[in-house]
Amino acid sequence: MVLAAEKVIVPLDVSREEDAIALLSQLPEVQFWKVGLELFVSTGAGILPTLKHRQKRIFLDLKFHDIPNTVAGACRAAGKYGVDLLTIHATCGRKALQAAKTALVEGAAEAGYPPPKLIAITLLTSLNSRDLAFDLKVPIELPEYALQMAVLAKESGLDGAVCSPQEAAQLRQVCGDEFLLVCPGVRPKWAETGDQSRTFTPSEAIKAGADYLVIGRPITAATNPQEAWAKIGDELANI
Ligand SMILES: O=C(O)c1cc(=O)[nH]c(=O)n1[C@@H]1O[C@H](COP(=O)(O)O)[C@@H](O)[C@H]1O
């Protein structure tokens, strides 16, 4: 039996802090929340102390992508927030990933926090094989590309990767049990796919080896978010 509260991260993809706080209140069972670009760019870091005050875990998903010196500076600053997870694109390259990890650990230590886990975006779950081949001009198969990005992250000292659940089993096999796999692109059978391309259902994603599932709109855009959360909870409880 898998508990949704231990496995599901819900993104606060809203532009107003009051809407984010309304979601926290509507979904008290959710323990792990994601703060991403929309909320952070709209309102700044103000939501983070609110989440900490409520003893929630925080995934700060700012998807850094820059040169080593710049990502290191951003990671040092992010480490001071006391978050649990932080994202960077694997395509920053080895030197930037290594510098980011070092700076993140130092920043957290300076603020008296344990080191957050730094996880690498392998290939956004909205992209498909055609996008990769024809637009991004990457001449290798999509699963192999995602795997190589995860291997780069692991070799660079990162703690895990963000991947589609469709690639989770292969990444788990190659990167090992300690490597954290966080999977967006999760859609219950009853939910719309929207802009996600590489999806699995919650139970398929867990069975494939995901440590955490990021599930947003199927819950947060539902007419009744509490009911949607409960349905996902039932699906996971029956694995
Ligand atoms: O880093 C992420 O969390 C992320 C990576 C990725 O490849 N795909 C992806 O959808 N995400 C995030 O996961 C969330 C998915 O939300 P829904 O599509 O509403 O379930 C969004 O907040 C995205 O920013």
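This passage describes the fold of a single predicted chain and the surroundings of selected residues within it.

The model is predicted, and for that reason local features are reported only at pLDDT of at least 70 and side-chain atom pairs only at pLDDT 80 or more, while totals for chains, interfaces and linings use all residues. Residues are numbered from 1 along each chain as its sequence is written, and side-chain values rest on heavy atoms, with hydrogens and water left out.

The secondary structure of the chain comprises 12 helices and 8 strands, where helices (H or I, at least four residues) and strands (E, at least two) are DSSP runs numbered from the N terminus. Along the principal axes, the C-alpha atoms fill a box of roughly 45 × 40 × 30 Å. Buried residues account for 51% of the 239 residues, with buried meaning under 20% relative accessible area, exposed over 50%, and partly exposed in between (1.4 Å probe, protein chains only).

Contacts, defined as heavy atoms within 4.5 Å, were also examined by their separation along the chain. Of those between residues at least 6 apart in sequence, 68% join residues at least 24 apart. The accessible surface comes to about 10900 Å², and carbon and sulfur atoms contribute 52% of it; these areas come from the Shrake-Rupley method with a 1.4 Å probe, and for residues only the protein chains shown count as cover. The chain carries 24 positive and 28 negative charges, whose mean positions are 2 Å apart. In this count Lys and Arg are positive and Asp and Glu negative, His and the chain ends not being counted, and each charge is placed at NZ of Lys, CZ of Arg, CG of Asp or CD of Glu.

Helix α2, which spans residues 17-26, has Ala20, Leu23 and Leu24 as its buried residues. Seen down the axis of α2, these buried residues fall within an arc of 100 degrees, so they line one face of the helix; the arc is that of the directions from the helix axis to the C-beta atoms. The elements that cover them include β2 (32-35), α3 (37-43), α4 (47-53) and α11 (217-220).

Valine 182, in strand β7 (residues 180-183), counts as buried at 0% relative accessibility, and beyond its neighbours within four places in sequence it is in contact with residues including Ile9, Phe59, Leu85, Ile119 and Tyr212. Leucine 118, in strand β5 (residues 117-121), is likewise buried, with a relative accessible area of 0%. With residues up to four places away set aside, leucine 118 touches, among others, Leu86, Ile88, Leu97, Leu104 and Leu158.

Proline 165 belongs to helix α9 (residues 165-175) and is buried, with a relative accessible area of 1%. Its contacts outside the four places on either side in sequence include Cys183, Pro184, Arg198, Phe200 and Ala208. Serine 156 lies in the loop between α8 (142-155) and β6 (160-162), and at 5% relative accessibility this loop residue counts as buried; residues up to four places away not being counted, serine 156 touches Arg94, Leu97 and Gln98. Valine 105, within helix α6 (residues 94-110), is partly exposed, with a relative accessible area of 32%.

Most residues other than glycine have a negative phi. Glutamine 55, in the loop between α4 and β3 (57-64), has a positive phi near 60 degrees and counts as exposed at 69% relative accessibility. For lysine 137, located in the loop between α7 (129-135) and α8, phi is also positive and near 60 degrees, and this residue is exposed, with a relative accessible area of 61%.
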